[in-house]
Each structure stands twice: as structure tokens, then as C-alpha cells.
Amino acid sequence: MKNTANKPENEKGPYETARNCRHYAMCKIDFLGSGVCESGLEKHFVSYYPQGRMILYEALAEKKISITEKCVEIADSCNLCGKCDYQCYFLNEMRPTKVMEALKKHVGTFIANGGKVKPAKDDKILSEIKKIVGDNWATNDEAILITYSHDLSPISEPKTPDYVVMPYTKEEIASLVKLFNKNKIPYTLRGNGQNLLGFAINEGAIIDVNRMKTIEFDEKNWLAKVGPGVAAFDLQKQARERGFRINASEPAALLCANIMCSGIMSTFSTTYGINADNFIDAEFIDKEGSFFSLNDTSSPNLYSYKNLQHKSSPGICVSASIKLHPVTNDESGILVPFQTLDSALDFIKDCSVRHIGLALGIVGTEYISVFLSPTKKSAAEVKDIFLNKLGIPYLVVVIGDKFAIRTISEMGFPFFDQRLFNALYLGLPSLKSAEWLNLIKELSDDEPYSYLRIKSFADLLETALAPSPALYSQEIDPELRPFFEKLFSREEMTNLVWLNMNRIMSTKLGRRKPFLPVLIYLPIDNVLVNELNDKFRLIADKYQIDNDFGFITPIDNGKRCIFEYDYFFDHTNPEEINRIRQAATEVNILVDEYSKKTGTVKGHPYVLYQGFSRKENLLYS
Amino acid sequence: MIFEKKPTIALSGATGFLGSHLMASMLSEGYRLVVLGRSYKEETLKQRISKLLQWFGIEELVGQLELVEIDFLKPMLGIPEEEYKNLCTNTEQIIHCASDTSFSERKRDLVFKSNVNSLEGILEFAANAGVTFFHYISTAYVAGANVTVCKECLSSSADFLNVYEESKAMAENIIAAFCKKNFIPFTVIRPSVVYGDSHTGRSLRFNALYFPIQSVKYISEIYLNDIKNNAGKKSKQYGIFLDEEGFLFLPLRIFLPKEGALNIIPVDYFVNATMKIIANPSPGGIYHLTNNSLTKLEMVSVYNEQFMKIKGVEIIYGRSADNVLRNPAEELFDRFIEPYRSYLSDNRVFERTNTDLVTDNLQPPEFTYEIYKNCMKYAISVNWGQSIF
Ligand SMILES: Cc1cc2nc3c(=O)[nH]c(=O)nc-3n(C[C@H](O)[C@H](O)[C@H](O)COP(=O)(O)OP(=O)(O)OC[C@H]3O[C@@H](n4cnc5c(N)ncnc54)[C@H](O)[C@@H]3O)c2cc1C
Ligand code: SF4
């Protein structure tokens, strides 16, 4: 295999683009307001979404599968509308339509040359499954199976399932469970498959819950009951239209899957909490195919927490009543710069202990520069500006009402408010050539970031950078530029509250390379955090793995925090995958050591399948 | 002809602005130098010095320059005993030029660590080496904020403009006391604000005099860009425009606390005068390397107008900017010059009796447009120090 990750995007052929699909399922949600692939919405299997077509094309190019009936249907059902180009370019600077065209051409040429399309295999079990879910919603066609066979996790091995099934009701799931049990067929639930660790991949049957998208609001009781196919972004959108907010993690993550897998966590977890804080009740199907609700007195205790790495799934979550939170009309976002991790930690600790701000998170320069930049190339330049010209290695994102923001100002911390953030974001191309930044650095010598105290600094920044959607879009592929100019004229695209409550800011993190997050829960103890931060870095450096500080969010009144450190790897380079595996093993040993030594550090692998536990059981027992 | 053998001198601070110029001059005059310094960031002392020598155009140095990586805060300068002993044996004089020149109160601890706490190590070294002279490069501003006539004697002031002045005054007193107690002849050399070479305009540091000029230039560029690329939308709001002759009209009032002027000397004068002092020092001698010909900021502003094609800069004395409604350019400029404000309109007078005597009345030049132009051209060519090396 050739290593292709470092090639410029516009030089990558369709195969290389296909291989670089991040499998984050962002093409399944309408996060840019530009619409979602129509065939995907109609057929629901991931195979009919851009992500699935990319995986399919990759497999065809590698001659892993033959051209099947579904393969032809998948290729035909793309109308080359180009919606996925917008989404994928925003996230990864890639244009999937190149792949779609190549897929159509590949299949078209095959048929034109008299190639024989492989029909689906007859299968008794499949017939039984179809009796439960209907003909259209179960398949053993290779073209579909392959799109469920792997993700980019460097740890897991690809596995091709025998069936993919898309039930519509919980009763169908119960019947499926019984059928699979009877026939000793292993089954695995799949949400959007973006857990980063290969958990939704298996042999046997994959139960894809993406048709189960019911949402019922019960405003009196501050909850929304969702089916297992509802993505965080979609619920958030509806919640906001009704004046509420949910705690959403990755926008494309399905809520039930997320709670099931690791528990929902975001910067809003500072106020809204983690794990069991996020829901009121949930309904399950157990291993025998029977139903139970969390609130039943006889139900298994999923609120408990066990420090076990390979806990098995407690069942299938078929609905969850997600908590709704109130929203005030004076919320805004700010970015508070810090010269050291220590000072940023002191700040978030102070804020969370005093209940200042709704959402808090320390982010590093990689995170912020990747998000702000339209291309990978400019992300590297922007990172350098943040570090070396603005002297900002760490930023704390704060979302709060006007009282919280005023308090932070009174606490004496200078910050980038929404207006300055807009100017920085949409003025980014001018920032790179701004010589006056050299003076800004000198100013900070006396008092860090004192330039932010200049009353008319926003005016000056706007004058100097002349921010505008047109300026920002300058670096974007000319064919897509008109779309992006319009996109960035929309207020929400630069609105810190919107970007954070939908967790759009972190979706670009894997742009340069896919990443493996090292996630832990621990006290906001500066010595401990710094020690672990250094050790995570040293391990990555030892294995020559790109790495960076991810984020830290305080939880539970500042008693603990969530700390993510990211390891970036080239998934097309087997040798690098080997190295990151070794690094990951070493990290797990390190975290175990610290768990024992401190009694307070909890590694994320232990939280998997325990997202329903009470945070108190997880953090303090 | 009889050549007088030049003494071997240990020089600290050779990687700094003044120290490096002294190093270059002393090497070309045939002194043997032992440079005491540190590696910084990723660079070893050797790499730092060789970059500087290249900048000065100095190549062949057979046995004339030795580099020793030391730490003033450690016993025996942090080097092995044998090496320390050799260093003591070989060193005849010391020039202590290393200094933290930050004015920032926030950096008080660091400034005092560099400028005061580190003295113990180098003074002990002076005593162990039994040097014939200890020369200390200080600043003319140790006299304190409220003195009008600054004498060539030790300062007893308790009132300084910033932590740098305070630390240097304290350092002078410590050095004098130690040297007297240990019978080490010493001198204190006190330059005022030093800028680049008066003939070539070349410099290695671009603060003090340069900073306000650079600020005006950058601010003007912000508005020129707005006029060029954004139809001057923002500029118009503040009455900023490009006139027919291509001059940018930038209303910029500079508020200075009192009437006064800049006391600036070029680095070539600093070097020449210091070399004369070192060649013929008086024990306990304190020397002011200052300029009797002061530079008014109005003059600099006129130079700016001609050089940068900027009009509208106005200097206002005796008023604080605090309660004045300022335009964004004025507010930014005010922040930029804050650390240097007092030096822009200084009216302290410096005695030069010792200096004039030992330097044969060598005087620094007046800051003419020609000098200004050379200096600014060089500053711009190296992007105000960003791209020197
Ligand atoms: C770029 C990126 C950033 C991320 N950042 C965050 C973050 O900030 N916060 C956070 O919380 N997570 C984060 N994640 C992880 C991700 O959001 C969660 O792992 C989430 O569970 C993935 O949702 P999914 O629908 O893709 O689940 P899948 O990957 O499909 O499934 C996850 C697991 O749950 C099981 N499962 C799925 N549905 C059900 C069900 N109904 N019943 C029982 N089991 C089920 C699957 O078998 C699998 O084991 C991030 C992921 C990515 C790619
Ligand atoms: S181009 Fe094809 S794959 Fe992409 S969104 Fe449109 S229909 Fe879907």
C-alpha cells in the first residue's frame, strides 16, 4: 500500500479520496443546511450515502468484491448533485463526487462490456429476517456488506458481516434477537459507526438502527423521547426550534448509540453532566429479546459502574428520553487565551467551582487552527500564528449568558468575544500576512493579551483583516467558492454558541489525519494533568506518532475533568498503524498505573458500554 | 614599534545587542576574548555566536575567541572545577554586559534573577581570577525618575520608571561594594537609549527608538490596506484618507506626560567610547554615554512624514490620554508605546565629565534625517529584526 495522506487534495485521484473518507457519517446529517444525499435518505443503508459509496469504490478498486445487483443500484442512485462535496470539503477538504463519478464509470463500463452482475445469494436465514423487517430492509449483498466491514480504527480488524438488517420498530428488533439467538448468529448494533474503535463491526448480523428516527417531545417533563436512529444534530435542531437544548456530542453520533457506548460528553457537560445526567429513562431489549425500562424496579442496574475494560453490551437500547435544558436569549461565546496549561486549568476550575458559564473547554492550537482554516495548508500557518505571533498555546471556550461573560471580564481575563472571533475567522487570509501582529506580541510582554483590552480593538481588527465570507472563501476550490461564500454569510456558521452546542468545532479535528483519542477522567489537579499530558506526548513521540493536546472540560462543579489527548495516524500506512497500536498499548498501561496510584484517574476504555452509569459511580467509586 | 599586549577579557552578554557589538570591535582590535554565555532554545552558544560573527562579517579567528557555556546561578559558573580554574588563570579583565532588558513589572522576578541574583557568580569569578578590571555595562537611567541632573556617581534613588532601571541601580551598588571590599578595580558604563549604526543603519535590536516608528508604520499600513481593498470604509469614519500627493492623513495624537526629548546614541558611538574607557579605565570610574544633542519626538515625526508619507501626527505634552476620546489608531499606538513613553519626553540631564575626559571629548552625533533614513531602511529590510538571520 502506498502512503497517500500527505499528497495535496487536488492531486488525489478518486481511489485516494475514497480511502481517505473518515467514516464520521457527517454526510448523513444536514449540518451545512445544504441538504443530505437523497438516495441515502430514501434507502437508509450507509451504502447509499456518500460514505458508503466511497468505501464501495475503494473495495472495487482493490478488487475485493464483484459487481453485484446492489452495487449497480448504489452507483445508479447517485445523481451527482454535489451536496457531499460541500460537506466533505468543509470537513476534510475532499470532493467525493470525484469518487461517485469514478464509481458510476466503473460500473457502467463493466456493464457496457457485457460483465455479468452477481445476483444475491439465496439464504434461508435472510428470508426469515426479511419476514420480520420486509424485503427491502435486509440484505446479504456483498456491496452493502462491505460498507459495514471496517472503520478507520487502528486497533480493530475489518470483519465482513453476513447480513445487514434495518429494522423499523422495537418489536422487529425483539423478533430479530430471538431469530439470531435461535440460529446462533452473532449480532451487533450499529448507529452511525463513528465510535473510532471498531465497536460496530462484526461478523454475523449488523443491525443498523437508522430507520428508527422517531422524536417525541414531552415539554412539560423536559424530555424528548428518541428512537435509536436519531442523531444528536437532528434532535438538537428540533430542540432549539422549541427553545430548548440537549447535551449533544458529535453531531452525527446517534444518541442511543452514544449513551450506550461511552456516554454523552461535550463542553456543555460542565453544566449538563455526563452519562446518566443526560437522560431520564431508556428502553431496552435484553439478550433474550425481552423489553425492560431503566425505571422498572426489576430492571438490571445499568446505573452502576464497574472498572472493567471488556464489559459486554447490556442489551439493545430502543429509545431514550433525553433531557431538555432551558436556554436564555443572552447567551454568547468567548475564547479566553492562556499562555500555559496551568493558568487555563486554574481558570476552568475557578469557573466551574463558582458555576460561571454553561460550557467550558480548554482547547489547544491544533484544535482551533484546524477548525478556523478552510484548508490543511492554512491550518498549519494559522497554528504558527497562534503559537508564535499571538502567543496563544491554549484557549478556553466559554459559552455563557451575559452575567457569566460579564463576570469573566470582571475577573480580569481579556478575551476574544463573538465579534473578534468573527473577525479572526472570516479575516483569516489577511491574518497570515498581517505584519502588525509582531507588535501585538511585544505588547503581551507587559501583560499577556493586553491588546484585547483596547476598547476599539475589534474595530482595528476588522479594519486590518477586512473579514468577509468572500475573503474567507478565497482559498477554497474555485468551483465550490460561491457555495462557501453564501454559507459563511449565515450567522450560525461563525456563532460560537451554535458551533459548540452542535460540536461542529471538533468535527474537523481528523482533517489532517484520522485520530485516536486518549480519553480520561481525572481531578483538575495541575500537577497530575501536566504529568499525564507530558507522558502522553512522550509515548507518541517515542513511536513517532503525531500528537497534540485535545481538550479539557471540567465536570461536576470542577471536581473532575474530561481530558482528551489526540494521536494522529496515517491509516494508509501499515507501519504507522503498527506503531500507533504499540503506543495505544503503552497508554493503556500508563492509565492503569495512574488509576491504581491515584484512585481518581479513570480511563475511557472502561466507560465503553457503561454510558448509562451514574457519573458518581464512574468518577468516585 | 612596540605592540602593547592586549589583555584577555571575559565578556558576558555577547549574544545581546550591545555585547555583540563590543565583541566584534574587540576582536578586530586584537583582544583575546572568552565569551561566557548560554545556549538558547535549540541553539548552542557556538551557533549563536557564529551567526553573529557572520552578521558582523568576521571570519578568521585564530585562537582569539573562546566560548564557555556557563550558568551564573551555579557554583563555579556551572562548569567543571578544572575548567573553572583555567578560566580564572587566563582571565585578566571582565566586561559584564549580560542583562535582561525587559521593562515589564510582570517579569520582575526574572529581571532581578538575571540582573541582580546572577551577580554573585560573576563577582566571585572576578575575585577568584584576580582580574585587573571589572567593567559593568549599566544604563544612564539608574539615576531614578525624579532626578533632573544625573551625576557620574552611584545612584541612591528609590524611585524608578521600571523594574529594569531598578535592577540595574541595585546591581551597580552591589558590584561597587563587592569590588571595593575585594580590591578589584571596576568601572560602570552607562549608555542612554542605543539605536543602530549611525553610518550604515545596521542594528540587531529594534525596540526603544524604533518601536514608536514601527507602530506608526504598521498602523498606517492597516488603514492603507482599508483604503486600497475596502474602499476606505473604516478610514473614513476616523477622517483618515490618502491625499492627492499620496500622503496618508492619519490623525494620531501622541500624549506625553511632559515636555522633553529622547536621549539616543548610535551603537557605533557606544562601542567607540567603551573601547576608549576599557583601554584607559579609572578605578571606580562611572561613565555616561549619553547625547548632549537631544532628539525631540516632533523631529522624528517630521522624518516619518518624509520617509513614510504620513501626515497628521501631533504630539501633545502634559496631558494624559486617559480621559480623551481617542480613535482606534490612537488607542493602539498608546498601548504600543506605553513601556517607552517616559523615555520619549525625558528631560534628565547627564553629567559627562569622566566620559569626556577618557574619550577625548568624543561625542555622539545628532540624530539627523540621514541617520534616521539609514536606520529605518535597514529595519524595514530585515522586517524589524524578524529576518536578520
Ligand atoms: C471526530 C469524532 C469526535 C468525537 N468526539 C466525541 C465527543 O466529544 N464526545 C463523545 O461523547 N463522543 C465523541 N466521539 C465518539 C462518538 O460520538 C461516540 O462513540 C458515539 O457513540 C458514536 O455514535 P454512533 O452512532 O456512530 O455509534 P456506533 O459507532 O455505531 O456505535 C457505538 C457502539 O454502540 C453500540 N450501539 C449502537 N447503537 C446501539 C443501540 N441502539 N443499542 C445498543 N448498542 C448500540 C454499537 O454496537 C457500538 O458498540 C467522537 C467521534 C468522532 C468520530
Ligand atoms: S453527489 Fe451523489 S453521493 Fe454525493 S450527495 Fe449527491 S447523490 Fe449523494
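A polar contact is taken here as a pair of N or O atoms within 3.5 Å; within protein, one atom must be able to donate a hydrogen and the other to accept it, and residues adjacent in sequence count only if both atoms are side-chain atoms. By this rule the side chain of A:Asn20 reaches the backbone oxygen of A:Glu16 at 3.0 Å. A:Asn20 is placed in the loop between helix H1 (14-19) and helix H2 (38-43) of chain A, where helices (H or I, at least four residues) and strands (E, at least two) are DSSP runs numbered from the N terminus. The residue is buried, with a relative accessible area of 3%; buried denotes under 20% relative accessible area, exposed over 50%, and partly exposed in between (1.4 Å probe, protein chains only).

The model is predicted: local features need pLDDT of at least 70 and side-chain atom pairs count only at pLDDT 80 or more, whereas totals for chains, interfaces and linings use all residues. Residues are numbered from 1 along each chain as its sequence is written, chains are lettered from A and ligands numbered from 1 in the order in which they are written, and side-chain values use heavy atoms, with hydrogens and water left out.

The size of an interface is often given as the accessible area lost when the parts come together. Between chain B and chain A the buried area is about 2300 Å², with carbon and sulfur atoms giving 57%; this area is the accessible area (1.4 Å probe) that two parts lose on being put together, summed over both. Contact (heavy atoms within 4.5 Å) involves 27 residues from chain B and 25 residues from chain A. Six residue pairs, both at pLDDT 80 or more, are in polar contact across the interface of chain B and chain A. On the side of chain B that touches chain A, helix H7 (210-229), helix H8 (233-237) and helix H11 (328-337) of chain B each supply at least two residues. H7(B) gives the most, with nine residues. That side of chain B divides into ten nonpolar, nine polar and eight charged residues, where Ala, Val, Leu, Ile, Met, Phe, Trp, Tyr, Cys and Pro count as nonpolar, Asp, Glu, Lys and Arg as charged, and the others, Gly among them, as polar.

Two are found across the interface of chain B and chain A, and one salt bridge joins the side chains of B:Lys234 and A:Glu462 (3.0 Å, N to O). A:Glu462 also pairs with A:Arg419, the closest N and O atoms being 2.7 Å apart. Because A:Arg419 lies in helix H17 (residues 418-426) and A:Glu462 in helix H20 (residues 457-465) of chain A, the pair ties together parts 43 residues apart in sequence. A:Glu462 is buried at 16% relative accessibility, whereas A:Arg419 is partly exposed at 40%.

In chain A, a salt bridge of 2.5 Å between the closest N and O atoms joins A:Lys170 and A:Glu283. This pair links distant parts of the chain, with A:Lys170 in helix H9 (residues 170-182) and A:Glu283 in strand S8 (residues 279-285), 113 residues apart. A:Lys170 is partly exposed at 26% relative accessibility, and A:Glu283 is buried at 12%.

Conventions. Salt bridge = Lys/Arg side-chain N within 4 Å of Asp/Glu carboxyl O.
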